[in-house]
Amino acid sequence: MKITYLDLKNWRNFKAAKFALQSRMFIVGPNATGKSNILDSLRFLSEVADPQGGLQRAISSRRGISPIRSLFARKDPEVMVRVQLEHEGTAWDYALAFKSGKARDAVVVSSEVVKKGAKVLLSRPDGDDDKDAERLSQSHLEQVTANRSFRELATALTSIRYLHVVPQLVRESLPSTGSAKDPFGRDFLERLASVPDKTRKGRLKKIEKALQVAVPQLRQMDLVRDVRGTPHLRLRYHHWRPNAGWQQEEQLSDGTLRLLGLLWALMDKGGPLLLEEPELSLHSAVAAKVPQMMARVLQRSDRQVIVTTHSADLLGDEGIAPEEILLLTPTSDGTRATVGADDEEIRALMAAGVPASTAVLPRTAPENIAELDTVSLDSPG
Amino acid sequence: MTVQPLYIVVEGASDVEIAVKLARHVGFEPRPPITTVGSAAMHRRLSEFNRAAASLPWFVLRDLDTHSCAANLVRELLPRPRRLMSLRIAVREMESWVLADREQVAAWLKVPVTKVPNDSDGLPDPKATLINLARQSKVRSLREGLVPEPGLSSTVGKLYPSQIARFVREAWRLDVAVKRSDSCRRAVAALHALKARTSAVAT
């Protein structure tokens, strides 16, 4: 499944943003312009499409509609997320718009449209909604009885995966939250353990090899369960003491855990993979290799990978095309999202063989950055 | 004999393996190369590398690109090189050195050797030549990796850096390349000279 187009209205930082997406996409922009919010719009649709989730739950897990609705939304109170995607040779178009309902924090669907190719399969509100307004509290996407003609679309959307391994949470290794999609690594080890033995061993062997490049003193790695059945990662290092024991995840460095999470996610099967700043905690030389790893995954499985990044090392890869860059810029009317290929300067620079880091990153640095050198850091009083 | 470390600076990831091969060839132990990502960034940091070359050997490798003369470009970029600095320019791009090993390039891409140009240093755009050869490759993974995908306006394919690096590491022959590319031969000679200067400083 590949998301080919995204259209957002009043979604967080974006009053209006429309752009095409490639199989590999790098979202760049200054701090707080909404890089993560683009990933969140896709997670949102994925949660709406989940029969155990649905629209109301996706809204309440984001603390209601007010934090979602853009501050730049003025007369038009409606929030809309629309995607176009290709799934097994079929083009789909799905748009969901909603606004505040009467009950506190609840929302109502203001429109929902499903197209398969050029054919409109659903267009709400319809006659049934007019008769029973209560129906507008749910999307048809989330209802197995209502989505029969576009079940494939719903299934495809639920296959979207988001990953942002937070090493502290992996180390705490709390018992599973019960959610199958905890993205922060709380149940990362549970997820590793849930894969069939043979597959897991094969993958861990490959990860071990890749990790040994970044962490040369690493010797061996595996997954074991303790007496209570909780899975633990064990790693053994070359050490001056020949019989130095195994170390468990709580002793692993941030970088080791992040890289492990990244490699596992890239090897995993499934729908589009959304990654939050994969460069975090990695050595710059390792971060610089991330785009090549993504490209290799694409060549093998055609799995779409969308990342947010600030990293010059990562964007220095000369194989990155201007179509694969989404540049976010703050304006007085919300964040503007521009595909690199649609920006004349970026296009010209990259056509001359300049890497994306040089062509794009200067456009994402704050204009008054020099003031950080002189801003007072004295504590008042 | 003690190992002599060599600090290496290149413009892009696809040049790393070539620089490493050259360094090993003349008996240096290369440190993991610094990739500046583009010539502009390299230019900005050149004086920093040059300062460092007062005490340890540095090998900086860049492409001539559209400049007319390598010797002039070196003088312009670095009028006063330190004793252990060697700045070398590939004519026109490192890809011409890669193409100079015609037989291995042909075997790698599975194209007839007659399709690989004879005078790679004379090519106006060696990178484009290499990519056009890849277009005719019988190996699908190389065709898909080296050639830009339809719909994307990049100059190289997504896997270009890692596939070139792998070829250079595993198959490219420096001893053959120096015979066909004068630019490559002179870079090796310059490295030999740097090695001699480094030994002289050390003793």
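How many residues of chain A are in contact with how many residues of chain B?

This is a predicted model, in which local features need pLDDT of at least 70, side-chain atom pairs count only at pLDDT 80 or more, and totals for chains, interfaces and linings use all residues. Residues are numbered from 1 along each chain as its sequence is written, chains are lettered from A in the order in which they are written, and side-chain values use heavy atoms, without hydrogens and water.

**Exercise 1.** Describe the interface of chain A and chain B.

Solution. Contact means heavy atoms within 4.5 Å. On that basis, 23 residues of chain A touch 21 residues of chain B. Next comes the area, meaning accessible area (1.4 Å probe) lost on being put together, summed over both parts. The two chains bury about 1600 Å² between them, with 56% of it on carbon and sulfur atoms. On the chain A side, A:Gln292, A:Gln299 and A:Glu318 lose the most area to chain B, together 39% of what that side buries.

**Exercise 2.** State whether helix α1 of chain B is mostly covered or mostly open, and list its buried residues.

Solution. Helices here are DSSP runs (H or I, at least four residues), numbered from the N terminus. Buried means under 20% relative accessible area (1.4 Å probe, protein chains only). Helix α1(B) spans residues 16–25, and seven of its ten residues are buried, which leaves the helix mostly covered. The buried residues are B:Val16, B:Glu17, B:Ile18, B:Ala19, B:Val20, B:Leu22 and B:Ala23. Just after α1(B), B:Gly27 has a positive phi of about 95°.

Conventions: Buried < 20%, exposed > 50% of the residue type's maximum accessible area, 1.4 Å probe, protein only. Helix = DSSP H or I, 4+ residues; strand = E, 2+ residues; numbered from the N terminus.
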